[in-house]
Amino acid sequence: MSPSELEKYLHDHIPLSKAMEVGVIQVQPETVILSAPLVPNINHRDTVFGGSASAVAILAAWSLLHTRLSGEGIASRLVIQRNTMSYELPIDGTFTAEAAIESAEAWGQFLHMLKRRGKARITVTSVLNFGGKVAGRFEGEFVALGATGTQPIISPGVA
């Protein structure tokens, strides 16, 4: 999936991403990098609202899973089960979120379980970067639930 295809998918299916002006910088099997500008995500201190930073981090992690599963030809419902977010620096401009999966072994176990049981969990991390520095860190556990057609969705909640 190309960056423009993923961006269109996000804007069409997750309207918040369009309102936040989320852009897709890179889509690779090992990482997805999203960006977002300050203005639509600004808070009362002229920095990025924490909820916006967290949302972009979640979107990057979800997008990595979505593109990898799509690449494997697997349609599933993806939900976030739990996450932690740390904010290390204020962000007062365009920032990025770079998502990654812990290891090839974790991905292999996830795929095996999804194919075997129709349900699997995996941890994905996202690092927020601003001005060449780490501005935040996200870790989330996502659940993939069997084949549901051709449109995986994101929704908060417990599987």
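Thr-84 stands opposite Glu-139 in strand 6. This is a predicted model, so everything I say comes from computed coordinates.

Stay with that pairing for a moment. Strand 3 and strand 6, residues 133-145, run antiparallel and are joined by ten bridges. They belong to an open sheet of six strands, in the order 1-2-4-5-6-3, with antiparallel pairing. Which strands stand at the edges? Strand 1, residues 23-27, and strand 3, residues 77-87. Each has a single partner strand, so one side of each has no neighbour in the sheet. From one strand to the next, the twist averages 20°.

Now the helices on the sheet. Helix 1, residues 3-13, touches strand 1 and strand 2, and its direction makes about 140° with that of strand 1. Helix 3 also packs on the sheet, touching strands 1, 2, 3, 4, 5 and 6. Its direction makes about 40° with that of strand 4, residues 95-101.

Some detail on helix 3. Just after helix 3, Gly-73 takes a positive phi of about 75°.

Last, the core. The largest nonpolar core has 47 residues, and Leu-34, Val-124, Leu-128 and Phe-142 touch the most other members. Helix 3 gives the most to this core, twelve residues. Leaving aside neighbours within four places in sequence, the contacts of Leu-34 include Leu-10, Val-22, Val-56, Leu-59, Ala-60 and Phe-95.

Note on methods. Residues numbered from 1 in each chain as written. Predicted model: local features only at pLDDT ≥ 70, side-chain atom pairs only at ≥ 80, totals over all residues. Heavy atoms only, no water. Helix = DSSP H or I, 4+ residues; strand = E, 2+ residues; numbered from the N terminus. Core = buried A, V, L, I, M, F, W, Y, C linked by side-chain atoms within 4.5 Å. Buried < 20%, exposed > 50% of the residue type's maximum accessible area, 1.4 Å probe, protein only. Contact = heavy atoms within 4.5 Å. Pairing = 2+ DSSP bridges. Axes fitted to C-alpha atoms, helices over the stretch in contact; angles between N-to-C directions.
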